[in-house]
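I opened a new notebook page for this chain.

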Amino acid sequence: MDSYRYILKSTNESSKKYGVCEVCGKHVSEVYHQIEERKYTGGWTQHNCKNLFGHEECLKNIRK
Ligand SMILES: [Zn+2]
């Protein structure tokens, strides 16, 4: 069974700089950046993982 972890941080910028939410496609007043990492033997990798910008709530909802 794959194990995932997430790094979530605010960019302190709105959609004007980063574009609309990549999950719901709507405007975001404070864009969050979520980096997904998958566990493998020996550590964590971002290979084949989603790296998305959008609403904090949207990003939390798409976690595995
Ligand atoms: Zn959204």
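**Entry 1: W44.** I started with W44, which lies in strand β3. Helices (H or I, at least four residues) and strands (E, at least two) are DSSP runs, numbered from the N terminus. The model is predicted, so I kept its limits in view: local features need pLDDT of at least 70, side-chain atom pairs count only at pLDDT 80 or more, and totals for chains, interfaces and linings use all residues. Residues are numbered from 1 along each chain as its sequence is written.

Is W44 buried, exposed or partly exposed? I found W44 partly exposed, because 14 C-beta neighbours fall inside 10 Å. The scale is this: a residue is buried if 20 or more other C-beta atoms lie within 10 Å of its own, exposed if 12 or fewer, and partly exposed in between, with C-beta atoms placed from the backbone.

Next I listed what W44 touches, leaving out residues up to four places away in sequence: R5, E37, R38 and K39. Contact here puts the two C-beta atoms, placed from the backbone, within 7 Å. I also checked W44 against E22, 22 residues apart along the chain; their C-alpha atoms are separated by 24 Å.

**Entry 2: the whole chain.** I noted 2 helices and 4 strands. Along the sequence they follow β-α-β-β-β-α. The C-alpha atoms fill a box of roughly 40 × 15 × 15 Å along the principal axes. Of the 64 residues, 16% are buried. I took the contacts between residues at least 6 apart in sequence; 48% of these join residues at least 24 apart.

**Entry 3: the core.** Which residues make up the largest nonpolar core? I wrote down 6: C21, V28, V31, Y32, F53 and L59. Such a core is a set of buried Ala, Val, Leu, Ile, Met, Phe, Trp, Tyr and Cys residues joined through C-beta atoms within 7 Å.

**Entry 4: positive phi.** Most residues other than glycine have a negative phi. N12 has a positive phi of about 60°. N12 is found in the loop between β1 (4–10) and α1 (15–18). N12 counts as exposed, because it has 9 C-beta neighbours inside 10 Å.

N48 also has a positive phi of about 60°. Where is N48? N48 lies in the loop between β3 (43–45) and β4 (51–54). N48 is exposed, with 7 other C-beta atoms within 10 Å.
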